[in-house]
Amino acid sequence: MTSATDQLAIRARDLSKSYDEDIALDHFNLDVWEGGLLTLLGPSGCGKTTALRIIAGFEGAEGTVDIRGRRVLGNGTFVPPERRKVGMVFQDYALFPHMTVRANVAYGVSRGKGSRRIDAVLELVGLQGLDDRMPNELSGGEQQRVALARALAPKPEVILLDEPFSNLDAVLRDRVRRELRVILTEARITAVFVTHDQEEALATSDIVAVMKDGRVLQADTPAELYSNPANPWIAEFLGDADVIPATAHRGYADTPLGRFKTDLKGPVLVVIRPENVQISLGEASNAVVANVEFFGHDQLVTLAVGGGTRVRSRIGPRPAYTPGQKCRARAIDARVYPRGT
Ligand code: ADP
Ligand code: MG
(Lines give C-alpha, C1' and ligand atoms only; values in the text may rest on other atoms or scores of the structure.)
(Ligands and ions follow the chains in the order given, each with its own letter.)
Protein backbone atom coordinates (compact mmCIF):
# COMPACT_ATOMS: atom_id res chain seq x y z
CA MET A 1 0.00 0.00 0.00
CA THR A 2 1.29 3.46 -0.80
CA SER A 3 0.13 6.74 0.58
CA ALA A 4 1.07 10.35 0.04
CA THR A 5 3.34 10.31 3.07
CA ASP A 6 5.50 7.56 1.50
CA GLN A 7 6.94 10.21 -0.79
CA LEU A 8 7.96 12.38 2.12
CA ALA A 9 11.68 12.54 2.80
CA ILE A 10 11.01 14.24 6.14
CA ARG A 11 7.82 14.54 8.11
CA ALA A 12 8.08 16.50 11.36
CA ARG A 13 5.01 16.85 13.57
CA ASP A 14 4.40 18.95 16.61
CA LEU A 15 8.06 19.38 17.52
CA SER A 16 8.48 21.40 20.70
CA LYS A 17 11.76 22.22 22.43
CA SER A 18 12.66 24.63 25.22
CA TYR A 19 15.92 25.72 26.79
CA ASP A 20 15.19 26.95 30.31
CA GLU A 21 12.77 29.84 29.69
CA ASP A 22 13.51 30.01 25.96
CA ILE A 23 11.04 28.30 23.62
CA ALA A 24 13.12 27.27 20.58
CA LEU A 25 10.43 25.23 18.76
CA ASP A 26 6.72 25.54 19.36
CA HIS A 27 4.60 22.88 17.62
CA PHE A 28 6.83 22.91 14.57
CA ASN A 29 5.45 21.02 11.53
CA LEU A 30 7.28 20.39 8.27
CA ASP A 31 6.84 18.18 5.21
CA VAL A 32 9.80 17.79 2.87
CA TRP A 33 9.06 15.96 -0.38
CA GLU A 34 11.57 13.59 -1.97
CA GLY A 35 14.09 15.30 -4.25
CA GLY A 36 14.44 19.00 -4.59
CA LEU A 37 15.49 21.66 -2.20
CA LEU A 38 13.49 23.14 0.64
CA THR A 39 14.62 26.21 2.54
CA LEU A 40 13.71 27.01 6.12
CA LEU A 41 13.64 30.80 6.16
CA GLY A 42 13.20 32.87 9.28
CA PRO A 43 14.72 35.64 11.38
CA SER A 44 17.66 34.97 13.66
CA GLY A 45 16.63 33.07 16.79
CA CYS A 46 13.38 31.66 15.35
CA GLY A 47 14.52 28.04 15.81
CA LYS A 48 16.00 27.06 12.44
CA THR A 49 19.19 25.47 13.76
CA THR A 50 17.26 23.72 16.51
CA ALA A 51 14.89 22.20 13.94
CA LEU A 52 17.79 20.87 11.84
CA ARG A 53 19.58 19.45 14.89
CA ILE A 54 16.45 17.61 15.98
CA ILE A 55 15.83 16.20 12.49
CA ALA A 56 19.49 15.06 12.31
CA GLY A 57 19.29 13.50 15.77
CA PHE A 58 21.69 15.75 17.68
CA GLU A 59 18.88 16.78 20.03
CA GLY A 60 15.72 15.19 21.32
CA ALA A 61 12.35 16.96 21.41
CA GLU A 62 8.67 16.44 21.99
CA GLY A 63 6.86 15.41 18.82
CA THR A 64 7.71 13.03 15.98
CA VAL A 65 10.11 12.89 13.04
CA ASP A 66 9.79 10.37 10.21
CA ILE A 67 12.49 10.05 7.57
CA ARG A 68 11.31 8.32 4.41
CA GLY A 69 8.44 6.80 6.33
CA ARG A 70 10.63 5.47 9.15
CA ARG A 71 10.04 6.84 12.65
CA VAL A 72 13.31 8.24 14.01
CA LEU A 73 11.93 10.32 16.88
CA GLY A 74 8.85 10.05 19.05
CA ASN A 75 6.63 7.48 20.73
CA GLY A 76 9.62 6.07 22.58
CA THR A 77 11.86 5.92 19.50
CA PHE A 78 15.19 7.67 19.20
CA VAL A 79 17.38 6.63 16.27
CA PRO A 80 20.93 8.02 16.76
CA PRO A 81 22.28 10.47 14.15
CA GLU A 82 24.64 7.99 12.47
CA ARG A 83 21.71 5.65 11.72
CA ARG A 84 19.32 8.26 10.30
CA LYS A 85 20.92 8.51 6.83
CA VAL A 86 20.93 12.26 7.22
CA GLY A 87 23.99 14.33 6.35
CA MET A 88 24.50 17.68 8.02
CA VAL A 89 26.63 20.65 7.02
CA PHE A 90 27.11 22.89 10.03
CA GLN A 91 27.14 26.64 9.83
CA ASP A 92 30.82 26.83 10.81
CA TYR A 93 31.59 23.70 8.67
CA ALA A 94 33.10 21.97 11.76
CA LEU A 95 35.99 20.49 9.74
CA PHE A 96 38.65 18.56 11.64
CA PRO A 97 41.56 21.04 11.54
CA HIS A 98 44.31 18.44 11.97
CA MET A 99 43.03 16.19 9.15
CA THR A 100 43.58 16.52 5.39
CA VAL A 101 40.71 17.16 3.01
CA ARG A 102 40.62 13.49 2.14
CA ALA A 103 40.61 12.36 5.78
CA ASN A 104 37.84 14.82 6.58
CA VAL A 105 35.69 13.49 3.73
CA ALA A 106 36.49 9.86 4.61
CA TYR A 107 35.46 10.35 8.22
CA GLY A 108 31.96 8.86 8.02
CA VAL A 109 32.70 6.23 5.35
CA SER A 110 33.58 2.70 6.41
CA ARG A 111 37.13 1.60 5.61
CA GLY A 112 37.72 -0.62 2.59
CA LYS A 113 34.89 0.37 0.28
CA GLY A 114 35.61 4.04 0.93
CA SER A 115 38.32 5.08 -1.49
CA ARG A 116 36.31 5.07 -4.73
CA ARG A 117 33.41 6.78 -3.07
CA ILE A 118 35.67 9.52 -1.75
CA ASP A 119 37.19 10.11 -5.18
CA ALA A 120 33.70 10.37 -6.62
CA VAL A 121 32.51 12.83 -3.98
CA LEU A 122 35.64 14.99 -4.23
CA GLU A 123 35.06 15.16 -7.96
CA LEU A 124 31.37 15.95 -7.51
CA VAL A 125 32.18 19.00 -5.38
CA GLY A 126 35.14 20.00 -7.57
CA LEU A 127 37.90 19.35 -5.03
CA GLN A 128 39.94 16.79 -6.95
CA GLY A 129 43.66 17.50 -6.54
CA LEU A 130 43.21 19.12 -3.13
CA ASP A 131 43.12 15.80 -1.22
CA ASP A 132 46.23 16.45 0.83
CA ARG A 133 45.54 20.05 1.82
CA MET A 134 44.74 20.94 5.40
CA PRO A 135 41.56 22.96 6.08
CA ASN A 136 43.56 26.12 6.90
CA GLU A 137 45.11 25.97 3.41
CA LEU A 138 41.71 26.32 1.75
CA SER A 139 39.53 29.30 0.86
CA GLY A 140 36.14 29.72 2.55
CA GLY A 141 34.36 28.36 -0.54
CA GLU A 142 36.64 25.31 -0.64
CA GLN A 143 36.15 24.62 3.07
CA GLN A 144 32.43 24.70 2.52
CA ARG A 145 32.76 22.15 -0.27
CA VAL A 146 34.80 19.87 2.00
CA ALA A 147 32.00 20.04 4.58
CA LEU A 148 29.49 19.24 1.85
CA ALA A 149 31.61 16.34 0.54
CA ARG A 150 31.97 14.94 4.06
CA ALA A 151 28.20 15.04 4.53
CA LEU A 152 27.55 13.44 1.11
CA ALA A 153 30.20 10.69 1.35
CA PRO A 154 28.15 8.17 3.40
CA LYS A 155 25.33 8.48 0.80
CA PRO A 156 22.68 10.04 3.03
CA GLU A 157 19.07 10.11 1.91
CA VAL A 158 18.68 13.69 3.04
CA ILE A 159 21.16 16.48 3.55
CA LEU A 160 20.68 19.40 5.92
CA LEU A 161 22.67 22.61 5.48
CA ASP A 162 22.71 25.28 8.18
CA GLU A 163 23.29 28.76 6.71
CA PRO A 164 25.78 27.33 4.21
CA PHE A 165 26.78 30.70 2.75
CA SER A 166 27.00 32.85 5.85
CA ASN A 167 30.81 32.66 6.07
CA LEU A 168 31.34 33.63 2.44
CA ASP A 169 31.68 37.17 1.12
CA ALA A 170 28.92 38.52 -1.10
CA VAL A 171 30.70 37.92 -4.42
CA LEU A 172 31.62 34.33 -3.61
CA ARG A 173 28.20 33.63 -2.14
CA ASP A 174 26.28 33.95 -5.41
CA ARG A 175 28.71 31.66 -7.23
CA VAL A 176 28.83 29.02 -4.49
CA ARG A 177 25.04 29.10 -4.26
CA ARG A 178 24.70 28.24 -7.94
CA GLU A 179 27.38 25.56 -7.72
CA LEU A 180 25.76 23.98 -4.68
CA ARG A 181 22.43 23.80 -6.46
CA VAL A 182 24.07 21.97 -9.39
CA ILE A 183 25.94 19.56 -7.07
CA LEU A 184 22.80 18.69 -5.12
CA THR A 185 20.82 18.13 -8.32
CA GLU A 186 23.57 15.85 -9.67
CA ALA A 187 23.68 13.95 -6.39
CA ARG A 188 19.86 13.52 -6.66
CA ILE A 189 19.46 14.15 -3.00
CA THR A 190 16.77 15.81 -0.94
CA ALA A 191 18.19 18.93 0.68
CA VAL A 192 17.01 21.21 3.45
CA PHE A 193 18.77 24.46 3.79
CA VAL A 194 18.52 27.09 6.46
CA THR A 195 18.87 30.81 5.89
CA HIS A 196 17.70 34.16 7.25
CA ASP A 197 18.23 35.76 3.84
CA GLN A 198 14.96 36.01 1.91
CA GLU A 199 16.58 36.71 -1.45
CA GLU A 200 18.78 33.65 -1.11
CA ALA A 201 15.76 31.53 -0.17
CA LEU A 202 13.64 32.71 -3.10
CA ALA A 203 16.45 32.33 -5.62
CA THR A 204 17.63 28.87 -4.58
CA SER A 205 14.67 26.79 -3.43
CA ASP A 206 11.91 24.64 -4.83
CA ILE A 207 9.92 25.20 -1.64
CA VAL A 208 10.39 27.85 1.04
CA ALA A 209 9.04 27.26 4.56
CA VAL A 210 8.77 30.56 6.44
CA MET A 211 9.44 30.27 10.18
CA LYS A 212 8.69 32.64 13.03
CA ASP A 213 8.82 32.07 16.79
CA GLY A 214 9.54 28.36 16.61
CA ARG A 215 7.01 27.31 14.00
CA VAL A 216 6.44 27.17 10.25
CA LEU A 217 3.88 29.76 9.17
CA GLN A 218 3.67 28.95 5.46
CA ALA A 219 5.42 26.65 3.00
CA ASP A 220 5.10 27.02 -0.74
CA THR A 221 6.97 27.68 -3.97
CA PRO A 222 8.92 30.97 -4.03
CA ALA A 223 6.58 32.51 -6.62
CA GLU A 224 3.44 31.51 -4.76
CA LEU A 225 4.78 32.68 -1.40
CA TYR A 226 5.88 36.00 -2.81
CA SER A 227 2.56 36.75 -4.48
CA ASN A 228 0.22 35.17 -1.91
CA PRO A 229 1.78 35.50 1.53
CA ALA A 230 -0.51 34.20 4.28
CA ASN A 231 -0.21 37.39 6.32
CA PRO A 232 1.35 40.89 6.15
CA TRP A 233 4.34 39.85 8.28
CA ILE A 234 5.32 37.21 5.71
CA ALA A 235 4.76 39.72 2.90
CA GLU A 236 7.17 42.18 4.50
CA PHE A 237 9.68 39.51 5.46
CA LEU A 238 9.78 38.17 1.89
CA GLY A 239 10.61 41.42 0.15
CA ASP A 240 9.56 45.02 0.02
CA ALA A 241 5.93 45.70 0.89
CA ASP A 242 3.96 48.63 2.21
CA VAL A 243 1.00 48.04 4.48
CA ILE A 244 -1.89 50.49 4.33
CA PRO A 245 -4.74 50.35 6.84
CA ALA A 246 -8.13 50.67 5.13
CA THR A 247 -11.80 49.85 5.57
CA ALA A 248 -13.53 47.26 3.43
CA HIS A 249 -17.19 47.33 2.48
CA ARG A 250 -19.36 46.09 -0.38
CA GLY A 251 -16.57 43.90 -1.73
CA TYR A 252 -13.81 46.51 -1.87
CA ALA A 253 -11.06 48.03 0.22
CA ASP A 254 -10.41 51.66 -0.69
CA THR A 255 -6.90 53.13 -0.50
CA PRO A 256 -5.29 56.28 -1.88
CA LEU A 257 -3.75 54.06 -4.57
CA GLY A 258 -6.98 52.48 -5.75
CA ARG A 259 -9.68 50.05 -4.67
CA PHE A 260 -9.06 46.34 -4.31
CA LYS A 261 -11.52 43.45 -4.29
CA THR A 262 -12.03 41.59 -1.04
CA ASP A 263 -14.61 39.43 0.70
CA LEU A 264 -13.62 40.98 4.03
CA LYS A 265 -15.64 43.63 5.80
CA GLY A 266 -14.49 46.34 8.20
CA PRO A 267 -10.90 47.21 9.12
CA VAL A 268 -8.32 45.61 6.82
CA LEU A 269 -4.66 45.89 5.87
CA VAL A 270 -3.80 46.34 2.21
CA VAL A 271 -0.33 45.08 1.29
CA ILE A 272 1.26 46.54 -1.81
CA ARG A 273 4.59 45.59 -3.38
CA PRO A 274 6.60 48.50 -4.85
CA GLU A 275 6.82 46.88 -8.28
CA ASN A 276 3.02 47.07 -8.44
CA VAL A 277 2.91 50.82 -7.93
CA GLN A 278 2.92 52.88 -11.12
CA ILE A 279 3.62 56.60 -11.31
CA SER A 280 2.59 59.05 -13.99
CA LEU A 281 3.03 62.76 -14.49
CA GLY A 282 0.55 65.19 -15.99
CA GLU A 283 -2.59 63.65 -14.50
CA ALA A 284 -4.50 64.94 -11.47
CA SER A 285 -1.94 64.32 -8.74
CA ASN A 286 -2.58 62.23 -5.62
CA ALA A 287 1.01 61.89 -4.41
CA VAL A 288 4.22 63.80 -3.83
CA VAL A 289 7.70 62.32 -4.36
CA ALA A 290 9.37 62.14 -0.94
CA ASN A 291 12.60 60.32 -1.77
CA VAL A 292 14.37 58.65 -4.69
CA GLU A 293 16.94 55.85 -4.48
CA PHE A 294 18.60 55.22 -7.83
CA PHE A 295 20.06 51.76 -8.49
CA GLY A 296 20.93 51.95 -12.19
CA HIS A 297 18.75 49.06 -13.36
CA ASP A 298 15.78 50.58 -11.50
CA GLN A 299 14.81 53.14 -8.90
CA LEU A 300 12.80 53.10 -5.71
CA VAL A 301 10.60 56.16 -5.37
CA THR A 302 9.00 56.86 -1.99
CA LEU A 303 5.70 58.69 -2.31
CA ALA A 304 3.64 60.56 0.24
CA VAL A 305 -0.03 59.91 -0.47
CA GLY A 306 -3.23 60.99 1.32
CA GLY A 307 -3.36 60.86 5.10
CA GLY A 308 0.43 60.83 5.62
CA THR A 309 0.76 57.34 4.16
CA ARG A 310 4.08 56.48 2.50
CA VAL A 311 4.32 53.93 -0.29
CA ARG A 312 7.21 52.91 -2.47
CA SER A 313 7.27 52.45 -6.22
CA ARG A 314 9.93 50.39 -7.94
CA ILE A 315 10.16 51.50 -11.56
CA GLY A 316 12.64 51.66 -14.42
CA PRO A 317 15.59 54.08 -14.23
CA ARG A 318 13.79 56.68 -16.33
CA PRO A 319 12.30 59.21 -16.04
CA ALA A 320 14.22 60.78 -13.17
CA TYR A 321 11.96 61.87 -10.32
CA THR A 322 12.86 64.55 -7.81
CA PRO A 323 11.61 65.07 -4.26
CA GLY A 324 8.71 67.51 -4.11
CA GLN A 325 7.40 66.56 -7.56
CA LYS A 326 3.64 65.96 -7.78
CA CYS A 327 2.46 62.85 -9.57
CA ARG A 328 -0.30 60.30 -9.89
CA ALA A 329 0.29 56.91 -8.24
CA ARG A 330 -1.79 53.78 -8.56
CA ALA A 331 -1.34 50.17 -7.53
CA ILE A 332 -2.08 47.51 -10.13
CA ASP A 333 -2.16 44.67 -7.59
CA ALA A 334 -2.51 44.28 -3.82
CA ARG A 335 -3.46 41.74 -1.16
CA VAL A 336 -6.07 42.46 1.49
CA TYR A 337 -5.85 40.96 5.00
CA PRO A 338 -8.01 41.25 8.08
CA ARG A 339 -6.48 43.67 10.57
CA GLY A 340 -4.80 41.95 13.48
CA THR A 341 -3.07 39.18 11.49
P1 ADP B 1 18.14 30.21 14.60
O2 ADP B 1 19.00 29.12 14.07
O3 ADP B 1 16.86 30.39 13.85
O4 ADP B 1 18.86 31.51 14.73
P5 ADP B 1 18.20 28.67 17.06
O6 ADP B 1 17.54 27.38 16.74
O7 ADP B 1 19.68 28.69 17.13
O8 ADP B 1 17.67 29.82 16.08
O9 ADP B 1 17.68 29.19 18.47
C10 ADP B 1 16.30 29.30 18.81
C11 ADP B 1 16.18 29.76 20.24
O12 ADP B 1 16.66 28.76 21.13
C13 ADP B 1 16.97 31.01 20.56
O14 ADP B 1 16.21 31.80 21.46
C15 ADP B 1 18.22 30.49 21.21
O16 ADP B 1 18.74 31.42 22.12
C17 ADP B 1 17.72 29.23 21.92
N18 ADP B 1 18.75 28.18 21.99
C19 ADP B 1 19.19 27.46 20.94
N20 ADP B 1 20.12 26.55 21.33
C21 ADP B 1 20.27 26.72 22.67
C22 ADP B 1 21.08 26.08 23.68
N23 ADP B 1 21.91 25.08 23.38
N24 ADP B 1 20.94 26.54 24.95
C25 ADP B 1 20.10 27.53 25.26
N26 ADP B 1 19.31 28.16 24.36
C27 ADP B 1 19.39 27.78 23.09
MG1 MG C 1 20.99 29.16 13.42
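Mentor: Leaving aside residues up to four places away in sequence, Ser205 touches Leu37, Thr39, Arg181 and Pro222. The model is a predicted one, and the distances below are computed from it. With one of these neighbours, Thr39, there is a polar contact: the two side chains, that of Ser205 and that of Thr39, come to 2.5 Å. The side chain of Ser205 also has a polar atom 2.6 Å from the backbone oxygen of Ala201. In the chain, Ser205 sits in the loop that runs between α6 (198-204) and β10 (207-212). Ser205 counts as buried because its relative accessibility is 9%, and the cut-off for buried is under 20%.

Next comes the ligand. Around ligand 1 are Tyr19, Asp22, Ala24, Pro43, Ser44, Gly45, Cys46, Gly47, Lys48, Thr49 and Thr50. Sorted by class, this shell holds four nonpolar, five polar and two charged residues. For Gly47, a polar backbone atom is 3.0 Å from an oxygen atom of ligand 1. For Lys48, a polar side-chain atom lies 2.9 Å from an oxygen atom of ligand 1. For Thr49, an N or O atom of the side chain is 2.8 Å from an oxygen atom of ligand 1. On its own, ligand 1 exposes 560 Å², and 62% of that is buried by the protein. Two elements, β2 (22-33) and α1 (48-56), each give two or more residues to the shell around ligand 1. Of the elements, α1 gives the most, with three residues.

The strand β2 leads on to the sheet. In an open sheet, five strands follow the order β2-β1-β4-β5-β6, with antiparallel pairing. The edges of this sheet are β2 and β6 (77-78), each of which pairs on one side only. Strands of a sheet pair through hydrogen bonds of the backbone, in a parallel or an antiparallel way. Here β1 (residues 8-19) and β2 run antiparallel and are joined by eight bridges.

Methods: Residues numbered from 1 in each chain as written. Chains lettered and ligands numbered in written order. Predicted model: local features only at pLDDT ≥ 70, side-chain atom pairs only at ≥ 80, totals over all residues. Heavy atoms only, no water. Helix = DSSP H or I, 4+ residues; strand = E, 2+ residues; numbered from the N terminus. Buried < 20%, exposed > 50% of the residue type's maximum accessible area, 1.4 Å probe, protein only. Polar contact = N/O pair within 3.5 Å; in protein donor to acceptor, adjacent residues only side chain to side chain. Contact = heavy atoms within 4.5 Å. Near = heavy atom within 4 Å. Areas by Shrake-Rupley, 256 points an atom, 1.4 Å probe, with all protein chains shown as cover. Nonpolar A, V, L, I, M, F, W, Y, C, P; charged D, E, K, R; others polar. Pairing = 2+ DSSP bridges.
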